[in-house]
Amino acid sequence: MRIRGRMVLAAAVALGMAGTTGVALAVDGATGPVHESNGGAWAAGVAPVAEEAPAATRTGTGGRAAAPAAPRPAPVVTRPATQVAQAAPASVSYLSERYRVAPGEAARRLALQELSAPLADILAARFPGSYAGMWLDQAGGGVLTIAATDPAPVTEAVAGLPDARHVTVVPVRHSRRDLDAAASRVAGSLGVTAGQDVLVDERANEVLVLTGDTVPADDARLAGVLGAGGVPVRAQSRLDGSSIPKACDPRYCAEAPMRGGIRLDVPRDDGTVGGCTTGFNVRAKSGQYYVLTAGHCVVGGRHQRVDDTWHQFLGPKVPVGLESTAPVLAENAFPYDYAVLPYAKGATTRWAYPRRGVGNTPSLVNYWCVADNPACASKGSRDVPVTGVTSYGAVQAGWVVCATGSAYTPKAGEQYVDSGAGAGFLPGTRCGEVIGKASGGIDVRVCARPGDSGGPLFTESDGRALGILSNGDDGEGPCTNPDEKNTYAPVSVILDRVNGRTGLDFQIATKGPLLASPAASANR
């Protein structure tokens, strides 16, 4: 049922609030303009049900006990669609080309995407027994689809949303709370980890057991747990037969500051040279900076020694980072495919912001324009400031995302290590769509090649870190398959893992790297 854009009693939409940005309203057609207000916020202010009401009451007229005031939920502040679109030209181009929609419609969809993550948190807290997840249906018209076991109260709660006409609530049998509980039970029965080996598939409204590594496909216990979860449970291979690990070799950018998306070369035990793409700058609680990339580039059969990494190994051979062994900061077991690299001795002075730059020192992703990225003609190459991390649980199918890599096969005479990308493939930034999370990672429809491993996945409009490239479909040469799938290891999952193992409190840096680190709070 498509929700009409009407206000309901107890749904609060405050417009014109000081310090807020705009609220994007619905577009009347694919070619129409985006209509916006001057600013505002939305809050799901539905009154609590009886059992949730606080015990204390106030006395009304005539001594009667008045109903307690409903708690005021935190508002969701949104930006105008035009502002979102200006910050995300490649994402607009992707939607326009993929779904044949006008730029105004693409902007509307991106504004709705920004609203969806905080909205999911509010609905999960407000309706724990009913809310069952949400996703963006790009093929179905850019509609935000919310699943609920009891659609009526959720429908009322979201009726006052900006762009409510493109929000729909669908009935399902099982709440997200029940699915999470079932996933934990199934994981416990198998002796594996919920959220890593046993997942919740919100669109299918069921639990998914990933097989092929921790859980063998022929595990005798599967037959029992698939029918005893209390909700639908299915088993699926974590990686399909066409998925291969990405080989690596970044390309160039030997200048400060260190940023996501540039080349790392890694000498191997057998005398060959491979590499990775840098993902994001990482900062420990101590103030020390690191570089995050893929673990399979330094952990594996061809990496028995402590690896060192270089930028342009064949010249000018600039040192970057080292594999850490005390403590161990690298794993190669998807989704824990990560390496947190401390800088090599003296390398920080090469890659950190110069001291004179302190005061305007954002951590960056290198957005490098390529010919098959339609935004090149209008926007060109640039840096995207990193503003934080979007948790794996908040990432939704249908989101438009961007990825940067540095895979390259050099032409005759060029001094670059061949990553195996194939002739005609150019390193840089491409945008596409999240198609699911059934691998335990973030599955996307974005072209990538050997050499892009470890490279950053992010949302262009707000600079949020999502993942680093781990594996994907085989491919060589130019990007010609619009349905190519690649999989990114979630950054939030990696940080939880490495912090749990080390206690070093790693965070994706939003400032730096810096030679003289300011207060810790300024760098996270």
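I began with cysteine 479, which is partly exposed because its relative accessible area is 23% (buried is under 20%, exposed over 50%, partly exposed in between; 1.4 Å probe, protein chains only). This is a predicted model, so I kept in mind that local features need pLDDT of at least 70 and side-chain atom pairs count only at pLDDT 80 or more, while totals for chains, interfaces and linings use all residues. Residues are numbered from 1 along each chain as its sequence is written, and side-chain values use heavy atoms, with hydrogens and water left out.

**Entry: the partner of cysteine 479**

I looked for the partner and found a disulfide from cysteine 447 to cysteine 479, S to S 2.0 Å (a disulfide is a pair of cysteine sulfur atoms within 2.5 Å). The torsion about this S-S bond is -80 degrees, and the link is left-handed. The pair links distant parts of the chain, 32 residues apart. Cysteine 447 sits in the loop between β26 (442-445) and β27 (456-459). Cysteine 479 sits in the loop between β28 (464-473) and β29 (486-490). I took helices (H or I, at least four residues) and strands (E, at least two) as DSSP runs, numbered from the N terminus. Cysteine 447 has a relative accessible area of 14%, so I noted it as buried.

**Entry: the other disulfides**

How many disulfides does a search of the whole structure find? I got three.

Cysteine 276 is joined to cysteine 297, S to S 1.6 Å. Cysteine 276 lies in strand β14 (residues 273-277). Cysteine 297 lies in the loop between β16 (289-293) and β17 (308-311), 21 residues apart from its partner. I read the S-S torsion as about 120 degrees, so this disulfide is right-handed. Cysteine 276 is buried because its relative accessibility is 1%. Cysteine 297 is at 4%, so it counts as buried too.

Cysteine 402 is joined to cysteine 431, S to S 2.0 Å. This pair links strand β24 (residues 400-405) to strand β25 (residues 428-436), with the two cysteines 29 residues apart.

**Entry: helix α2**

Is helix α2 (residues 89-99) mostly covered or mostly open? I found it mostly covered, with nine of its eleven residues buried. Among them are Pro89, Val92, Tyr94, Leu95 and Tyr99. Arginine 100 follows α2, and its phi is positive, near 55 degrees.

I traced an open sheet of three strands in the order β6-β7-β8, with mixed pairing (two strands pair if DSSP finds at least two bridges between them). Its edge strands are β6 (131-137) and β8 (167-171), each pairing on one side only. On average, neighbouring strands are turned by 25 degrees against each other, direction ignored. Axes are lines fitted to C-alpha atoms, for helices over the stretch in contact, with angles from 0 to 180 degrees between N-to-C directions.

β6 pairs with strand β7 (residues 143-148) in the antiparallel sense, over six bridges. Leucine 136 stands opposite leucine 144 in β7.

Which helix lies across β6, β7 and β8? I found α3 (residues 103-126), running at about 175 degrees to β6. Contact here means heavy atoms within 4.5 Å.
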